[in-house]
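Let's walk through this model together, starting with a pair of helices and moving on to a sheet.

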Amino acid sequence: MQGQTQSISFDGREIRLTTGRFAPQAGGSVLVECGDTAVLVTATQAAGREGIDFLPLICDYEERLYAAGRIPGSFMRREARPPERATLVARLIDRPMRPLFPNWMRDDIQIVATCLSLDERVPADVLAVTGASMATLLAEIPFQGPMAAVRVGLLGDDFVLNPSYREIERGDLDLVVAGTPDGVVMVEAGASQLSEQDVIEAIDFGYEAVSELIKSQQSLLKDLGIKQVQPDEPTKDTTVPAYLEKNCSKAIGEVLKQFEQSKADRDQKLEEIKTEALQTIEALKEDNAVRKAITGNNKLLGNSFKALTKKLMRNQILKEGKRVDGRSLDEVRKIDSAVGVLPKRVHGSGLFQRGLTQVLSTATLGTPSDAQEMDDLNPSTEKTYLHHYNFPPFSVGETRPMRSPGRREIGHGALAERALIPVLPAKDTFPYVLRVVSEVLSSNGSTSMGSVCGSTLALMDAGVPLKAPVGGAAMGLIKEGKEVRILTDIQGIEDFLGDMDFKVAGTEKGITALQMDMKITGLSISTVSEAINQARPARLHILEKMKEAIDSPRDSLSPHAPRLLSFRIDPELIGTVIGPGGRTIKGITERTNTKIDIEDGGIVTIASHDGAAAEEARKIIEGLTRKVNEGEVFTGSITRIIPIGAFVEILPGKEGMIHISQLSEARVEKVEDVVKVGDEVTVRVREIDNRGRINLTLRGLPKNGDESYMDSSPTPVAPLT
């Protein structure tokens, strides 16, 4: 079980790569360690299946809670469905890996990254991405790497490589950059309204570190005597592509130049051309080469037709600067925005439409107890802002079974969530838990950025005091040799047939989120910079259109949203409010019909649809936690009587007892001879015993209604209300 370990000195830290010791039956495996974080990454290849016309790549990220010395909190006490964060890390591995496999590969490939140990100073995700590249190379799978990833943070004015979880939380930037020797291949970022220039510099800073990790992988492979596999592309039969190019190019080109037509009309016309071509081929003689090629291969004609359409569309953009809908390269589609489209039972709603893409977002305000408890390896234990994204089949005119959210839905929701977090109000001023749901009603590209825009509208409609509205657009790319064209606000066909999907979200001030995916092996920093800068005027235009629907958050909340009161008590008195077995706080909630949450730091949040009820609960809690001193005088009412005395509620929720001997200067035979339940009395705190019980007295105090007492009393009366 002896393996070989190589160490890489990287930014003052040591990254250790151990090969040949773990998972010997996997195609390739590497244990990546930094600090006390250890991630085992394996890559395995299997023979391709019949009828597959795509790369069946599976990337999985497995979290084991023992890595952080924890036992799972589920009923089964074992890991089950991957938590959301594990799904996002799996996508983080997949996105830079997928474009680096040859486009002709059809073999099953599975990459599994398992976090075996977690050091809070060293997040595991970027180690898993780099480990995926190394494991694939060790497995001698055809791969256009090496590829590596680093995280960049911003603390003050300084960029930090691979910051800790705490540094990420404190900083203004959380950026992951992945790259190859050819350039940047993936970017994922959240930012606190940073300028375009700051983000570009961060990407450049990160790519320099990526280049060092790439060199280290190349050196390690050389030391291990492993050569990178670079097989030749299998010979393709060009009979059908050549036939289609000769006989269909003109007709397809004419359809692509009909700029005023709808997407449905264009798709229908292209389908008619393809159908006509198929009928013509089937009418050829049986010994014709074109007919022979498609016989028994139903996908060949469709794939060849799609490739020709892609080629013609890209040429039209490169040579004529015109897109299929007639827009110029930097033009945004028509935008429509609306708020309050649903009844106020929904706390806030926004409808955003850009071209044929339409997203309905809703905002729900909840109480602190609605926060999502996190049971994963992330040190954060709860989420108070939840963004969920749904993509039903009718949004693209299709039918399919509707199941639980897939990786795409989780990823798009997380991107929109990340874009809005920097502008949410502080918890101490707006203590609501927020949930936004984005329903994609129609999709023709850039639904994630449509979700960002729609969600901003919904939150403002709900009265959430955002620091600034957030909008976003997806940028595209067409690259042929040295010719490059960047497209603003790409639609579905441009995303599908283009080389890049670069989503940029932010405010008028700066960027809040980025996500760049490539279909080529790398992009220069200068081209990335150009795309980021071209996205800014588009974003400002979108924000202006959104302001026409709502230019600031509403002054009041929906009448159906809970009202929250938030205040702080001494943390040592939390137990007093909760009471034995929770009886005290349960009694308060039942008496006032409110919902009460208390945080460990002493922050109390009261939720109610009735403001007066919330205020009553607040007074009770403040009364319970108010310190009572000997000698203080209070006015309160008799709540109950026992043979040896009477109890008085001197503060909301806080009682003291008057012993029968303290009811009068004279001897009292029966408590009821002096006071009855409901009587209002003025009492003085005689003593607080060693068990915290408050003993009161009426002796030496005037009877009710004696005005001379108020003039002569050295201690002011603390009224009940």
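Helix α1 (residues 84–97) and helix α9 (residues 407–420) have axes that come within 10 Å and cross at roughly 95°. Helices here are DSSP runs of H or I with at least four residues, strands are E runs of at least two, and both are numbered from the N terminus. Axes are lines fitted to C-alpha atoms, for helices over the stretch in contact, with angles from 0 to 180 degrees between N-to-C directions.

Which residues make the contact? From α1 come Glu84, Thr87, Leu88, Ala90 and Arg91, and from α9 come Arg407, Arg408, Ile410, Gly411, His412 and Ala414; contact means heavy atoms within 4.5 Å.

Before going on, a word on the source: this is a predicted model, where local features need pLDDT of at least 70 and side-chain atom pairs count only at pLDDT 80 or more, while totals for chains, interfaces and linings use all residues. Residues are numbered from 1 along each chain as its sequence is written, and side-chain values use heavy atoms, leaving out hydrogens and water.

Now for the sheet. It is open and has 5 strands, ordered β11-β12-β13-β17-β16, with mixed pairing; two strands pair if DSSP finds at least two bridges between them. β11 (335–339) and β16 (385–390) are at the edges with a single partner strand each, so one side of each has no neighbour in the sheet. β11 runs antiparallel to β12 (residues 348–354), joined by 5 bridges. Val339 has Gly350 of β12 as its bridge partner. Lying across β11 and β12 is helix α12 (residues 525–547), at about 40° to β11.
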